Amino acid sequence: MVNCCGLITANKDPVPLKSIEVELEVRDHVATVVSTLNYENKEDKPLEAVFVFPLPGDAAVCHFSAQIGQTQIVAEVKEKQKAREEYDDALSSGQQAFLLEESEQSPDIFSLSVGSLPPGESASIRLDYVTELAVQADDGLRFCLPAVLNPRYQPLGSGGSGGVQVTSVPASLVPYSLSFSARVSSPRPISKVESSCSLDPLQYLNSEQTQATIKLAAGHKFDRDVELLIYYKDAHQPTAVVEAGQASAELGSLMGDPVVMVSLYPEFPQSVMSSVASCGEFVFLLDRSGSMDCPINNSKQQETRISSARDTLLLLLKSLPMGCYFNIYSFGSSYEHIFPKSVEYSQQTMEEALKKVGEMGANLGGTEILSPLQHIYSQSCIPSQPRQLFVFTDGEVGNTKQVLDLVKKNSGSHRCFSFGIGEGSSSALINGLAKEGGGHAQFITGTDRMQPKVMQSLRFALQPAVVDISVTWDLPKGVSVTVLSPPITALFQGQRSLIYAQLTGQSPKAAEGCVTVKYSLAGHPSQNQLRFSLKPAEDTGSTVHRLGARTLIRSLEMEERERRGQPDGGLKEKVVQLSVQSGVSSSFTAFIAVNKADGEAIQGPLVRRNIPISRMCIVKVNLCSFSTQTAMACGAPSERRKRKLCAGPVMMDDELEMAYDDPPVMPKQPPRDPLLQLVSLQQASGCWLLDPALSAALGKTSEEVDKSKPAPVNSDVWATVLALIWLHGFKKDAKEEWELLAMKAASWLRSQNAPCLTECVEAGNALLGCSMQKDVLGL
């Protein structure tokens, strides 16, 4: 590996960042994270340490401070350019300064600059943020501490400065340690906590099991994000938390008034939910950039992200209902589509699509997702076929905000379901696609299988669309409400909707409020209502206010981008004012702390040290050179200091095709999974054909299968019954993956009015050694 500037560990230079300590506190579905970064300068020159790292995309960074000896300096939020100038001026005058700023391209990347750390000096940097925990399809609440930051691809001509350039090393070479502990509390019992990382056993703190602690096991490597999945008993309970305003803030302001956070879990009528949609336009958008050739996880080196995505598309195509429309796009530096426009789902179109999917490799270069999205949205929608967009990507894009703006602009014409594949995928992109597109987001990390998560999302896509959503408030006289959240655009069965609102005015003691969500589902008007006390909860600090401020800041930032080049009514100024007032980060502000304590100015030229972060895999090596023009998108040194930038090499997906004189040799594929082998033989209508390939997939000879068939039974009916028995009998643990295609098969069987079906099931059980009942098979 050739290295133009030299990674820190490759040159064996000291790394001033020695350790990271993370303390997580989860209260119900809200998390507060306190990270402490411990620095020490063991060199004989003063240092500036620059650390570019990921955070959850919806995190509200709300505190930043530095401890040097006995001196603590608490940072202030200021307009970004002013903060940068103050930081530069402090370093130029020999003072210590600390700067934390959010990337202008993607809200899940931050840059921390620790300036003028003298020889022998130590500093502890504290960074706090709050975030909501996303509800997973299996009812778990997901917390993710990103530990991996892959280079973000910046499309040519997008106006960026080359993307966020990251100094990264393989996980085994990350030179600092991580300790992580969590405390979980909830009004409901905690049933379990799972993780892709090794954890010490869960320790309950009370007999009700509503409080518990857990921590990372010793020896954790920086080869994966730290993901926790938290499960509560009776999780789907609507709640409202009212948080008192800050006494020091002005009444009538966001921080001075009470703020309410409402969590709603809509329950839809069972009669409506039992019917699966038999229509829709399903558009699948698959990332084929070079990084998709990386292993899906560390335990399965042979299974790559792209191969898992191909298997997933097989399951999706087999599970689609007859009568729908579909198309498959794939993208890298360019994009392709299987059909010029979406086509009706049939045996012929399904076979043609599967043939093309089988030939797809991670060979299209970079990660330019904007162009294929623009092309998809330019296609006219098909009447009575609601458009459902499924996006599969490892999320390494640099123009995240531009992509999300496009999805929001077209949110009225489709629902978007997104899947982040592998460690280091951008949470801002994956969550943002689903949020702005009214769909659902899933992350495939650690030892997760992609297929069950994607099929869960297909179930959501097949739910009837909820329309005409409105939210109304009923509050005591003298109390008014200002909603901080954008309007709700999507509701799914059992999925949470969060609403933040500022309450202005005086409410009587023991007063109650009420919020009502009305909507229409499959032509049926319905509503969910929640009554709540206006008495502020205790011990919530400013968490709800900061999350509410973050929600409003994001909405204003998006509106400002939409109006760029037009009069915007001072939206940028509003964001800066709100960010400063609430102490919550934004793309237009930064945290700045300067040590103004009396002392001698720090002498000597600064040496810049870029702190490396873990990367998952690099498919190729590119020789590159850097100048101040290719400075990182967040935290770049300004021209005022004219200091030389020396960043680590950036491995860009779009250069993959130039890295090889000949196409790379494809690794030998492992034997195909028996489940996928059987699924691949299913017809679009839902049935299976009686042929030698089916017999082999069932582990029988053709003679055994033919001999066992009851005489009056049609061969396709016999084949389909055998396939259903095999699925239920041998692949029960993977039911989430095949349930929809099995429902289609059972529906086909019922439509045949086949005689002797009971006899057929008994014969199939005898052949395969199972004991399935007709009703279990859906017959």
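Predicted model: local features only at pLDDT ≥ 70, side-chain atom pairs only at ≥ 80, totals over all residues.
1. Strand β19 (residues 259–264) is largely enclosed by the rest of the structure, because six of its six residues are buried. Val 259, Met 261 and Ser 263 point one way from the strand, while Val 260, Val 262 and Leu 264 point the other way. In a regular strand the side chains alternate between the two faces of the sheet. Both sets of β19 residues are buried.

2. Two pairings of β19 deserve mention. Strand β18 (residues 239–243) pairs with β19 in the antiparallel sense over five bridges; within this pairing, Ala 240 has Val 262 as its bridge partner. Strand β31 (residues 497–504) also pairs with β19 in the antiparallel sense, here over six bridges. In that case Met 261 stands opposite Tyr 500 of β31.

3. Leu 229 belongs to strand β17 (residues 226–232). Leu 229 counts as buried because its relative accessibility is 14%, under the 20% limit. Apart from neighbours within four places in sequence, Leu 229 contacts Gln 136, Leu 141, Arg 142, Lys 192, Val 193 and Glu 194. A further relation across the sequence involves Ser 195: its C-alpha atom is separated from that of Leu 229 by 6.1 Å, with the two residues 34 residues apart along the chain.

4. On the cysteines, Cys 416 is buried, with a relative accessible area of 0%. Cys 514 likewise counts as buried, at 3% relative accessibility. As for disulfides, a pair of cysteine sulfur atoms must lie within 2.5 Å to qualify, and by this rule the count is zero.

Key. Residues numbered from 1 in each chain as written. Heavy atoms only, no water. Buried < 20%, exposed > 50% of the residue type's maximum accessible area, 1.4 Å probe, protein only. Helix = DSSP H or I, 4+ residues; strand = E, 2+ residues; numbered from the N terminus. Contact = heavy atoms within 4.5 Å. Pairing = 2+ DSSP bridges.
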